[in-house]
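User: I am new to this structure and would like to go through it by question and answer. Please show it to me before we start.

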Amino acid sequence: MAEQKTNHINHFKDDYLVQATAKHSLLRCLAVRTTDLVKQARNIHDLSPISCVALGRLMSGALLMATDLKNKQDRLTLIIKSDGDISNLTTIATLNGKVRGYITDPRAISHYKSAGKLDLAQSVGKGNLTVIKNLGLKEPYIGSVELVSGEIAEDLASYYFYSEQIPTVIFLGVRLNQQGVAAAGGMMIQALPGIDDQTLNWLENRCLGFPELSELLAEGISPHQLLDLLLGVDADLEYLAESPVEYYCECNRDRMNRNLLLLGNEELTELSEDSDGITLHCHFCAADYHYTQAEVKQLAKTAIILR
Ligand SMILES: [Zn+2]
């Protein structure tokens with residue numbers, strides 16, 4: 001008999017995200033492990049160490065922030081554009097834990113702060129973080145802030161503070177070893193309406209000197225345990241939902257057809273002159289979509305009808 005597939009999450013092994021509240025619903029708490037999906041991103045994009053840390057942190061942050069979305073069709077996009085070696089990062093996440101990412105500099109040179117400690121701030125440099133929320137409305141919500149550090153976690157927290165006026169603490173980490181990605185994940189604690197200074201001070205103190213998140217994850221600490229450790233026994237931590245997270249690209253032939261049709265008849269006719277046909281490459285998952293010359297000609301015809 002075939003083994004029954006279940007949604008059971010192995011807390012000590014699988015990538016997943018957990019949501020909770022603490023301090024009698026004054027704090028919203030999230031933690032995610034992304035080790036496997038960052039491994040997958042590293043393989044897809046053939047990432048250098050620093051590029052892997054950059055994309056891994058941004059994807060982990062995007063999954064945490066995508067919990068703000070309301071519907072499963074909604075999308076949260078994070079874009080970092082900057083003047084460093086890593087100049088362009090894009091990640092897109094959904095409410096149900098799917099994320100994909102793209103980096104224009106997958107093989108950026110890795111600078112180190114000290115032995116074994118990568119200097120992401122230097123590699124990213126100065127620039128902007130843009131947050132786009134596609135909420136099924138005509139116009140997406142777009143917010144943008146200047147990068148405050150380039151380490152990504154602080155930059156996402158600064159977005160919440162300046163664009164949404166929500167005090168937020170974010171931890172993100174990607175740990176590498178000789179084999180590749182040893183551990184990756186993130187944690188986000190947000191103030192909910194009605195929060196008082198005392199609780200905010202308490203949270204600030206809890207965060208001071210908290211160990212490096214990726215080290216804890218590498219030791220096998222689960223997302224549930226991360227929240228336990230950060231907030232402690234006096235936090236009245238109440239766990240809500242938990243859900244798997246994964247690297248998932250939404251490209252398919254239908255979408256590629258639509259993208260091609262947007263080029264219009266004239267450009268498609270020009271492309272159809274190549275007897276080898278054309279190949280479209282997906283930047284997010286490295287999939288190739290080949291179109292024969294006859295198929296491109298057919299699309300050129302369709303583009304006239306659609307005009
Ligand atoms: Zn794709």
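User: Which residues does methionine 59 touch, leaving aside those up to four places away in sequence?

Analyst: The model is a predicted one. Two residues count as touching when their C-beta atoms, placed from the backbone, lie within 7 Å. Without the residues up to four places away in sequence, the contacts of methionine 59 are Thr34, Leu37, Val38, Ala41, Thr91, Val99 and Gly101.

User: Which residues of helix 1 are buried?

Analyst: A residue is buried if 20 or more other C-beta atoms lie within 10 Å of its own. Helix 1 covers residues 35–45, and the buried ones in it are Thr35, Leu37, Val38, Ala41, Arg42, Ile44 and His45.

User: Which strands are at the edges of the open sheet of six strands?

Analyst: The strand order is 9-8-3-4-5-13, and the pairing is mixed. An edge strand pairs on one side only, which holds for strand 9 (141–146) and strand 13 (246–247).

User: What is the bridge partner of lysine 98 in strand 13?

Analyst: Strand 5, residues 98–103, runs parallel to strand 13, and two bridges join them. In strand 13, the partner of lysine 98 is glutamate 246.

User: What angle does the direction of helix 2 make with that of strand 5?

Analyst: Helix 2 (residues 49–65) packs on the sheet and touches strand 3 (75–82), strand 4 (88–94) and strand 5. Its direction and that of strand 5 make an angle of about 145 degrees.

Terms used: Residues numbered from 1 in each chain as written. Predicted model: local features only at pLDDT ≥ 70, side-chain atom pairs only at ≥ 80, totals over all residues. Pairing = 2+ DSSP bridges. Helix = DSSP H or I, 4+ residues; strand = E, 2+ residues; numbered from the N terminus. Axes fitted to C-alpha atoms, helices over the stretch in contact; angles between N-to-C directions. Buried ≥ 20, exposed ≤ 12 C-beta atoms within 10 Å, placed from the backbone.
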